[in-house]
Amino acid sequence: MNVVLLSVRSICLVWALSWPVATVTGAHTTGRKKHKDVYLGENSKNKYGGRIDYKLKKQDSTKSLLIKTEQLLRIEEHDFAIRPGFGNAAIPVGIDVQVESIDSISEVNMDFTMTLYLRHYWKDERLAFPSQTNLSRTFDARLVKKIWVPDVFFVHSKRSFIHDTTMENIMLRVYPDGNILYSVRITVTALCAMDFSSFPLDTQNCSLELESYAYNENDLMLYWKNGNDSLRTDEIVLSQFFIEEFNPSNGLAFYSSTGWYNRLYINFILRRHIFFFMLQTYFPTMLMVVLSWVSFWIDRRAVPARVSLGITTVLTMSTIITGVSSSMPQVSYVKAVDIYLWTSFLFVFLSVIEYAAVNYCTTVEEMRKLKKGKVPTSYNASQAMAFDGCFHDNDIELTPFPSLVPALTPNPLETSTQDSRDAPATEGTRLRRQRSVRENLDLLLRHSYMIDSYSRVAFPLSYLLFNIIYWSMYS
């Protein structure tokens, strides 16, 4: 029992001793926080005049820097919705352009896409500022929205945008005397009126046109800053074109409701590379035409071989023509490639028609021989065709060419027939009887193999003549 009472007394004594310590510790912690707040408050009042705390200090310092810039340029003192020198002569705005790349040229849409650096130069005395070092100040797009800048736009543009990675590609540089350089990086897609009458042996003249949208020539005068040197280009390589020339020019544009405007032109001449189209269009077309001539050397009785070859070449030519037409705009005039393709298609088609004529003439000739009994009754034409796909001329009796001896009409004044060889040319006249059209057709029907013989020479010579005329005209 005594042991239990001793334990209880010990616990109460320990609790009584620990309670003041905890109270003193809490008091010290509260006092430390209080002294820290007082210290920060006094420091804030001494350093910042007691106006802001530590977090607001950062915001106000940023604001103070912006106010310093605007005060230096006196932006709040002027109305920048009005152009510089309003009421006086037109403000001159110089332009220079550096072409970075020509991204694409579309024949189907008849446009081109170009990426360029567009730089404007003008003077606005409202932005002049004092400077002991005479150094310029450079700003980004945030200040551009607060001042006046020229409203230059691209005439006949379809799409355009200012690059914004990682920030908007806009630079504004202000000089102490008020001269300003304003540069932007733009990609623009503009219309190009192309003429495809000589395609693909053509040369295209395209231009990118710049003009002020709101200010006519009485308010704003656009000009090339450094003349012909105002247009600079990087090394531009295109897949289908070779750039022959890049040159700037200027002019005036008239609008009936608003008057005359200064307009600047970026002109460039594009010459198409022909090698791509030679590989894709011209060489396959030539091979198809030459392939169609192979049928002239195949036996005229080999109907499956000659018909299959003719149909294959015709269908291949149709595929080539369709492929070229699908990649071209639907223009209402004939292009140079159309002339070549359709003329080649005509040669292939005529080779098929040639065999139809040979087959018809051969059939008519055989029918005549059957009627005259010159073909033996034991001869089976179907079996001969099934054996090797062709007839043989030695199986059928074919009459040779008739000997054509011109008739000689003696001169009545001749005294002797034996002395006619020694007589002068005036003593006799040789008359050749011309065959009629019917006789010529009858001769052709009797000797149908002559059509193939003539075609072997006529077709290649005609196609060669066509190629000489075509390439001399368009190249």
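**Helix packing, salt bridges and a nonpolar patch**

Leu315 counts as exposed, with a relative accessibility of 54%; here exposed means over 50% relative accessible area, buried under 20%, and partly exposed in between, with a 1.4 Å probe and protein chains only. The structure is a predicted model, in which local features need pLDDT of at least 70 and side-chain atom pairs count only at pLDDT 80 or more, while totals for chains, interfaces and linings use all residues. Residues are numbered from 1 along each chain as its sequence is written, and side-chain values use heavy atoms, with hydrogens and water left out.

Leu315 is found in helix 5, which covers residues 303-326. Helices (H or I, at least four residues) and strands (E, at least two) are DSSP runs, numbered from the N terminus. Together with Val303, Val307 and Ile311, Leu315 makes a nonpolar surface patch of about 320 Å². Such patches consist of residues with over 30% relative accessible area and no salt bridge, where nonpolar side chains (Val, Leu, Ile, Met, Phe, Trp, Tyr) are joined within 5 Å and like charges within 9 Å. The accessible areas come from the Shrake-Rupley method with a 1.4 Å probe, and for residues only the protein chains shown count as cover.

Helix 5 also takes part in a helix pair. Its axis and that of helix 4 come within 9 Å and cross at roughly 165°; axes are lines fitted to C-alpha atoms, for helices over the stretch in contact, and angles run from 0 to 180 degrees between N-to-C directions. Helix 4 and helix 5 are therefore roughly antiparallel to each other, a label for angles over 145 degrees, with under 35 being roughly parallel, 65 to 115 roughly perpendicular and the rest oblique. The crossing of helix 4 and helix 5 is left-handed, meaning that the near helix is turned anticlockwise from the far one by less than a right angle, and clockwise for right-handed. Helix 4 (residues 275-292) also meets helix 9 (residues 449-474), their axes coming within 12 Å and crossing at roughly 155°. That makes helix 4 roughly antiparallel to helix 9, and this crossing is right-handed.

Turning to charged side chains, the count comes to 16 salt bridges, each being a side-chain nitrogen of Lys or Arg within 4 Å of a carboxyl oxygen of Asp or Glu. One of them joins Asp111 to Lys158, with the closest N and O atoms 3.2 Å apart. Asp111 lies in strand 2 (residues 111-123) and Lys158 in strand 5 (residues 157-162), so this pair ties together parts that are 47 residues apart in sequence. Asp111 is buried at 5% relative accessible area, whereas Lys158 is partly exposed at 40%.

Another salt bridge brings together Arg263 and Glu209, at 3.0 Å from N to O. This pair links strand 12 (residues 259-272), the place of Arg263, with strand 8 (residues 203-212), the place of Glu209, across 54 residues. Arg263 is buried, with a relative accessible area of 10%, and Glu209 is buried with a value of 10%. Strand 12 also holds Arg271, whose partner Glu244 sits in strand 11 (residues 241-255), 27 residues apart. The side chains of Arg271 and Glu244 meet at 2.6 Å, N to O. Arg271 is partly exposed at 36%, and Glu244 is partly exposed at 41%. Elsewhere, salt bridges that share partners join Asp96, Arg119 and Arg232 into one network.
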